[in-house]
Amino acid sequence: MDIFNSQWLLNMLAKSSKTPQGRILSLFDILADWIQAPNMQLDIKNNSIPSQQLIAFCTAQAKACGAENPAMLAEHIVLIARNAAQQEINQPGCNSLAHAKKAANALILAQTQKEWFFPDITISKHAVYTIAASVFVLIGA
């Protein structure tokens, strides 16, 4: 089964949480459970593209969270999830999905919070998103 193009995954996401952010982040938990399931065919085709339905679902959730650019956020999160799942399949126990979930949460926060405040420093949302996206690139590499 190509998990990223399955109606099953969309159904699981839809009922996974009461909040849009929770539904997006549950993608990583669902994938981790799927990979650990006994007798599950653990294969993500290298050339498979996640379905437009999955990206549309995540875009709708990102929009409901108040993301500045919901489509871009959804595409990044699905890409992070796909790469982390592939890494978990190739290197079982590496916790790539847990790390990817944290990166995805940072991306969500970066797109939904107006400004981040630190003592004597105000960082714009754009700067935070750029930093979070850079972390994602490093994780993916």
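Student: Which residues in helix 2 and helix 5 meet?

Tutor: This is a predicted model, where local features need pLDDT of at least 70, side-chain atom pairs count only at pLDDT 80 or more, and totals for chains, interfaces and linings use all residues. Residues are numbered from 1 along each chain as its sequence is written, and side-chain values use heavy atoms, with hydrogens and water left out. Contact means heavy atoms within 4.5 Å. By that rule, Q21, I24, L25, F28, D29, L31, A32 and I35 of helix 2 meet L97, A100, K101, A104, N105, I108 and L109 of helix 5.

Student: How does helix 2 run relative to helix 5?

Tutor: Axes are lines fitted to C-alpha atoms, for helices over the stretch in contact, and angles run from 0 to 180 degrees between N-to-C directions. The axes of helix 2 and helix 5 (residues 96-112) come within 10 Å and cross at roughly 170°. Angles under 35 degrees count as roughly parallel, over 145 as roughly antiparallel, 65 to 115 as roughly perpendicular and the rest as oblique. So helix 2 is roughly antiparallel to helix 5.

Student: How many residues of the contact of helix 2 with helix 5 are nonpolar?

Tutor: Ala, Val, Leu, Ile, Met, Phe, Trp, Tyr, Cys and Pro count as nonpolar, Asp, Glu, Lys and Arg as charged, and the others, Gly among them, as polar. In the contact of helix 2 with helix 5, two residues are polar and two are charged. The nonpolar residues number eleven.

Student: What is the hand of the crossing where helix 1 passes helix 2?

Tutor: The axes of helix 1 (residues 7-14) and helix 2 come within 9 Å and cross at roughly 125°. That makes helix 1 oblique to helix 2. A crossing is left-handed if the near helix is turned anticlockwise from the far one by less than a right angle, and right-handed if clockwise. Helix 1 passes helix 2 in a crossing that is right-handed.

Student: Which residues of helix 3 make the contact with helix 2?

Tutor: The axes of helix 2 (residues 20-36) and helix 3 (residues 52-65) come within 8 Å and cross at roughly 145°. Helix 2 passes helix 3 in a left-handed crossing. Helix 2 contributes P20, Q21, R23 and I24, and helix 3 contributes F57, C58, Q61, A62, A64 and C65.

Student: How many disulfides does the count come to?

Tutor: A disulfide is a covalent bond between the sulfur atoms of two cysteines. Here the rule asks for a pair of cysteine sulfur atoms within 2.5 Å. The count comes to zero.

Student: Is N95 buried or exposed, or partly exposed?

Tutor: N95 is found in the loop between helix 4 (70-90) and helix 5. Most residues other than glycine have a negative phi. N95 is not a glycine, yet has a positive phi of about 60°. Buried means under 20% relative accessible area, exposed over 50%, partly exposed in between (1.4 Å probe, protein chains only), so at 46% N95 counts as partly exposed.

Student: What separates the C-alpha atoms of S6 and S51?

Tutor: S6 lies in the segment before helix 1. S6 counts as buried, at 10% relative accessibility. S6 and S51 are 45 residues apart along the chain, and their C-alpha atoms are separated by 8.1 Å.

Student: In what order do the elements of the protein chain run?

Tutor: Helices (H or I, at least four residues) and strands (E, at least two) are DSSP runs, numbered from the N terminus. The chain has six helices and two strands. From the N terminus on, the order is α-α-α-α-α-β-β-α.
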